[in-house]
Amino acid sequence: MAGSYNLFRRTTPDWVRVLFASGIAIAMLVLNGPPIVRDALAWAFVTPVQRTVHSVRVWVADHIVHSYNIHTLSIQNRDLVAQNESYAMRLQTLANVERDNESLRAQLALKSSTPHPLIAAEALYQVVDPYIRKLVLNMGSQHGVKLGQPVITRDGLLGQITDVQLNSSEVTLITDTKVNVPVMVQRNPAVRGFIGGDKSEGYLELRIFNQESADLQKDDVLVTSGLDGLYPANIPVAKVANIAPAGADGRSELTIVPMVQSMSVRYVSIIQVPNLAEMKARSDAQVEMARENPVPSTLGARTREQFKK
């Protein structure tokens, strides 16, 4: 018949015809069959596709969210690190302020306990020279600073003013070999001598009167004797850190360390000594007499025997 319609061409393979017919049959079952059949077919064909699509969606979403969270956390961490550094700097500044306040309170207490007027000053920097030990202060002649004035801290004697400018001055530390200070043992004021700088960095040299009978022990504190009139009495100067065993000559070497850690000093007080020129000349004369001691920082044999009793 010329008007007939063929669904498939003659050349269409049989497996295509079967597959097409099966698809139509399944579609009719889904549309017209009972619910149990539709559910079974949906579970067999639709559910795997849905699961696959859902897994892909979840994986993509998780990776996008994870990347976003990582980026967000990175920004927050950077902000927190910057904030932490800011807080650390503020804490350091606060610690420095508290330390300065403590030093200033100590200076005020020192001012009230010293019989002479004081000039408060701040150490600006250390003089760079391997042969001298000096600090530069921010007070000068216009503030009343004069040559020879003693300089102290809350811990003890720091040194002596040896150079004065209009707005600054230099203090030569007691660890410098050019400075000599008359001292006595705090525990036994009868033991007297002179303290000066040692050639070894950070140590002092002690010249004792009557070495053979001097009562000196480890950890004894040496304070200013006040006999020269330049340095007021009872200012801590140094401590006996060690008394070595006697050598072949019967003498014991002493290790003397300053009470003030000069390199960490920031605030100091300059003592305004009355009759300064006269007192400085008197002190210099006594120092020249003390230089006659040929063996500094030693004790004689008889003194060493006292420690064995």
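Visitor: Let's start with charged pairs. Which side chain meets Glu-205 in a salt bridge?
Guide: Arg-207 does. The N to O distance is 3.1 Å. Keep in mind that this is a predicted model.

Visitor: Is Arg-207 buried or exposed?
Guide: Arg-207 counts as buried, because its relative accessibility is 14%. The cut-off for buried is under 20%.

Visitor: How many salt bridges are there?
Guide: The count comes to six. Another one pairs Arg-266 with Glu-122. Their closest N and O atoms are 3.1 Å apart.

Visitor: Where do Arg-266 and Glu-122 lie?
Guide: Arg-266 is in the loop between strand 11 and strand 12, and Glu-122 is in strand 1, so the pair ties together parts that are 144 residues apart in sequence.

Visitor: And how accessible is each of them?
Guide: Arg-266 is partly exposed, at 37% relative accessible area. Glu-122 counts as partly exposed too, at 23%.

Visitor: Which residue does Asp-220 meet in a salt bridge?
Guide: Arg-187, with 2.8 Å from N to O. Asp-220 sits in the loop between strand 8 and strand 9, and Arg-187 in the loop between strand 6 and strand 7, so this pair ties together parts 33 residues apart in sequence.

Visitor: Asp-220 first: buried or exposed?
Guide: Asp-220 is buried, because its relative accessible area is 5%. Arg-187 counts as partly exposed, at 40%.

Visitor: New topic. Which residues make the nonpolar surface patch?
Guide: Val-56, Trp-59, Val-60 and Ile-64 make it. The patch covers about 400 Å².

Visitor: Where does Val-56 lie?
Guide: In helix 2, which runs over residues 35-113. Val-56 counts as partly exposed, with 47% relative accessibility.

Visitor: Zoom out for me. How many helices and strands are in the chain?
Guide: Four helices and 13 strands.

Visitor: What share of the residues is buried?
Guide: Buried residues make up 35% of the 309 in the chain.

Visitor: What about the surface?
Guide: The accessible surface of the chain is about 19,500 Å². Carbon and sulfur atoms account for 58% of that surface.

Visitor: Last one. What share of contacts joins residues at least 24 apart?
Guide: 60%, counting contacts between residues at least 6 apart in sequence.

Notes
Residues are numbered from 1 along each chain as its sequence is written. This is a predicted model: local features need pLDDT of at least 70, side-chain atom pairs count only at pLDDT 80 or more; totals for chains, interfaces and linings use all residues. Side-chain values use heavy atoms; hydrogens and water are left out. Patches are made of residues with over 30% relative accessible area and no salt bridge: like charges are joined within 9 Å, nonpolar side chains (Val, Leu, Ile, Met, Phe, Trp, Tyr) within 5 Å. Accessible areas come from the Shrake-Rupley method with a 1.4 Å probe; for residues, only the protein chains shown count as cover. A salt bridge is a side-chain nitrogen of Lys or Arg within 4 Å of a carboxyl oxygen of Asp or Glu. Helices (H or I, at least four residues) and strands (E, at least two) are DSSP runs, numbered from the N terminus. Buried means under 20% relative accessible area, exposed over 50%, partly exposed in between (1.4 Å probe, protein chains only). Contact means heavy atoms within 4.5 Å.
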